Every structure is written in structure tokens, then in C-alpha cells.
Amino acid sequence: MGKRLSKFFFISLTLLALILIACTVLATTEPTTGQQVAEKGSKLPWWAWSVILFVFTFILGILAVLGGVGGGVLFVPLVGGFFPFHIDFVRGAGLIVALSGALAAGPGLLKRNLASLRLAIPVALIASSSAIIGAMIGLALPAHIVNILLGATIIGIVIIMASAKKSDFPNVPKPDKLSQTLGIMGIYREVSLGKDIEWNIHRTVSGLVLFIVIGVMAGMFGLGAGWANVPVLNLLMGAPLKISVATSKFLLSITDTSAAWIYLNSGAVLPMIVVPSVVGIMLGSIVGVRILAVAKPKAIKWMVIGLLLFAGVRALLKGLGIWR
Amino acid sequence: MVEDRTKASGEQIIYANILNIGMYLGLALIIVTFLIYMLDILPSFISPQDIPQYWTMKSGDFIHSFHAPTGWDWLAMINKGDYLNLIGIALLAGLTILCYLSILPILMKKKDIPYVIIAIIEVLVLALAASGILKSGGH
């Protein structure tokens, strides 16, 4: 099975690379103004981009699940770097993609008591308010600055993903006062151990302060923010890993909602980009989850991190005008 | 009867149920309206054939060049295939507000004052974001 899966993964990556190369050749990626649009545009028929985007995001959805990352964090730098769309529309679509994924996963996670509403509600208020500010800043910045900052952020995410340790059951010697006042605690059934796990959190204030930064970045780049939510909830605040991952996923449905409204109200949401991406990535995620149930070679995580690094470098070089 | 503490709370279940229904409805809507747009069943503000010429523009320039609607002005244009798509997207984006409003009575009943306050502020924040007052790069 491992060999077959590796072969499948290799084919997926090759397909993805071919699509990216084709997009670079066929797209006009330079930002245009109203006067320039008559001469610039696409070398492909209008419907082809929707089909390519659908196929691309379908593969991305599979890889994201197998690599343990959110779709949004791969979507924005890769689509922004290789497709002809302006980064504003890519970020708008990225937010809707991350939002849809969170909305789809949220109900199941809440019902199984893995995502904690008690933990999410205070955190979400901070993150969603900050995401509004991030979205407004992001839409006001010139494209090349956004690309430079995006590239730097993605490279930072790669470093976090490659180096951050995770703790299944962090030690919380004493819950802090704020978490006790808010009653942020819980209990869930850990099937793998066959027992109930009680959990508390600490360092709530520090965590909430970090969620200001996370919210701003999520809104600014349209990335979703699972890559940052999980380490803060798990390593800093001390929530068990399962609770952190599930609450983070659910949290995106609130954080990304506020930023998505700013993009929507600012005209930065194009259905032609959003809909194939949302459908593609959701179908891909469904297939990815099925594959994940069978096997999960560790190498895949590293390949996805490599893909993310490539996307980050591409965004950085594009912003600096070195690789247009 | 002893309460099973591993089970999700009442408000969590209600939140999850509304999210679930809204998510499927929103997804179905965006797929159906997208087909209407792609198949040119309704006239469009900018036709699918022409959109590739303009998606390289900054969103602010796009709006400025075509006097495209910002904020909630698109609602007046849902007879256009492209803006019809925004109904499903707005539903997905608006679901969280609905979920918060639905759990507020339960939190109030439990006299969970801190969470009532936080939930009300969250609804106000999301309503502000959704209102169209805060936007960037418009006319």
C-alpha cells in the first residue's frame, strides 16, 4: 500500500508541477490597469481557467489533507504565484476556501466535543476583530509589497511547521485566573487510550495577545491560520493536541468570516475564481481523507512543506521583481 | 441521571446543527448559481467570456473602472449571473452570526454573563464587517 500511495503522491505532485508550469507560460501575471486590459489577458479560452483551477485545487485538497495543512495556506501562495489572477482576488478566494473547509469540518468536530466552543469564543473575538484590520491593510497595500510579505510569511510558516514540536497532552500545572473565570476547560474521550481526558489551559492572556497577530495575518494574506492557531493553543496555552487541532479548524470559520466580509464588500471576490476553488478543494479533501484512512507515509508531510517553501520563495521573488 | 461530561454542551450542539445545515445550503447555492453564470442563463455584469481580461487588475481598480458595486450594492444586481453567485458566498460568510445569535438565549438562560457579553460583542464585530461600512479600495 505504501508503494502505491507514494506512486499516487508522486503523480499528484508531477501533475501539480505541470499545471503550475503551464499556468506560468499561459498567464499574463503582471497587474494591469483599466487602460492596459484591452491588450493584456489570457491566452486560453475563458472556461479553461476554471477547469484548470478546479483540477489544481482538487489535487491541492488531497495533498493538504495528507500533509496535515489547511487548504488556504497552500492555495494563496501557489495560485497567487502561478495563475494570472491579481493577488487581491486570490486572497479573497483563499479566505472563502479556508472558510468553507472550516464550515464543513466544524459541525462534526463540535458534536464530537473535540472543538471546544468555550475555548473558541474568547479567542475568536480577538482573532476575528484583528482579521478585519488585517484585511483592510492587505487590500490597501500594493501587490508587490503583499507578495514580499506573503513570501516572508510562508517561509516563516515552513520554519514553524518543520521545527515546532507538538504535545499530545501538555502539562498545565495550574490553570490561570482568566481561564478559570471564563470556565475554559473540558473533558473528552480519547479513543486511542480508552479513557476520558480532562483538560485546562494556562497563559490565556499571552495566547490572546498572539491571536491579535494571527488574526491580522489571516486577514492580510487570506491564508486561514491553522498553522499558527495550533502551536499557540497547544504549546503555549496547553490545550491537548486533538482539542487544539479541532478548535483551530472551527476557529477559522469565525476568523475568516470577518475578513471574508471585508474582501466581499471591497469587490475582491470573483465567483469565477472562488467557486471552482471551493468545490475542487472540498472534493480533494474528501478523497484525501479516504486515502489518509488507509495509510500516511511521513515523507508526504515533508514534500508538502517543500511545496510550501517553493510557493513562499516564488511569492517573495515575484514581489521583489526577480521572478515575474 | 448523571450528565456525561464528555458530551458536547447544548449550545455547542445547536451551533453545530445550524452550521451544518447552512453549510450544505450555501454550497448548493454557490454551485447552482455558478452554473447559471457559466451557462449564460442570466445576463451578466461582466460575462464569463470577458472576465479573464480583467482579473489581473487590482480589485480597487476593477471597481473603479466598471463602477462595480461595493458593500451590499450587489444585492440590487442579483438579476446578473455574476452577482447572483454572491448570495451563496454571503450565506456562508453570514452563518457564524446566525450561529452566535442562536446560542445567545441558551447562554443567557445559564446566566453565563462573560460569554453572553463576548458573544454579543462578536455579533457586533461580525455585523460591522458585514455591514459594508468597512471596505478598502472602493470608489
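## Helix α8 of chain A

Twelve names come up when we ask which residues of α8(A) are buried: T204(A), G207(A), L210(A), F211(A), I214(A), G215(A), V216(A), M217(A), A218(A), G219(A), M220(A) and F221(A). Buried means that 20 or more other C-beta atoms lie within 10 Å of the residue's own; 12 or fewer makes a residue exposed, anything in between partly exposed, and C-beta atoms are placed from the backbone. Helices here are DSSP runs of H or I with at least four residues, strands are runs of E with at least two, and both are numbered from the N terminus.

This is a predicted model: local features need pLDDT of at least 70, side-chain atom pairs count only at pLDDT 80 or more, and totals for chains, interfaces and linings use all residues. Residues are numbered from 1 along each chain as its sequence is written, while chains are lettered from A and ligands numbered from 1 in the order in which they are written.

G222(A) follows α8(A) and has a positive phi, near 65 degrees.

## α8 against α9

Two packed helices are described by the angle between their axes and the distance between the axes. For α8 (residues 204–221) and α9 (residues 226–236) of chain A, the angle is about 170 degrees and the axes are 10 Å apart. Axes are lines fitted to C-alpha atoms, for helices over the stretch in contact, and angles run from 0 to 180 degrees between N-to-C directions. The pair is therefore roughly antiparallel. That label needs an angle over 145 degrees; under 35 is roughly parallel, 65 to 115 roughly perpendicular, and the rest oblique.

From α8(A), the residues S206(A), G207(A), L210(A), F211(A) and I214(A) meet A228(A), N229(A), V232(A) and L236(A) of α9(A). By class, this contact has six nonpolar, three polar and no charged residues. Contact means C-beta atoms, placed from the backbone, within 7 Å. Ala, Val, Leu, Ile, Met, Phe, Trp, Tyr, Cys and Pro count as nonpolar, Asp, Glu, Lys and Arg as charged, and the others, Gly among them, as polar.

## Two kinked helices

Helix α4(A) has a kink of about 35 degrees at A105(A), shortly before the proline P107(A). A bend is the angle between axes fitted to the seven residues ending at a residue and the seven starting there. Of the 25 residues of α4(A), 23 are buried, so the helix is largely enclosed by the rest of the structure.

Helix α10(A) kinks by about 30 degrees, centred on D256(A). It is mostly covered, with 24 of its 25 residues buried. Just after α10(A), G267(A) takes a positive phi of about 75 degrees.

Most residues other than glycine have a negative phi. N113(A) is not a glycine, yet its phi is positive, about 65 degrees. N113(A) sits in the loop between α4 and α5 of chain A. It counts as buried, with 22 C-beta neighbours inside 10 Å.

H67(B) also has a positive phi, near 50 degrees. Its place is the loop between α2 (59–66) and α3 (81–84) of chain B. Buried or exposed? H67(B) is exposed, with 10 other C-beta atoms within 10 Å.

## Where the chains meet

The contact takes 66 residues from chain A and 60 residues from chain B. The chain A side divides into 41 nonpolar, 19 polar and six charged residues.

How values were computed. Contact = placed C-beta atoms within 7 Å.
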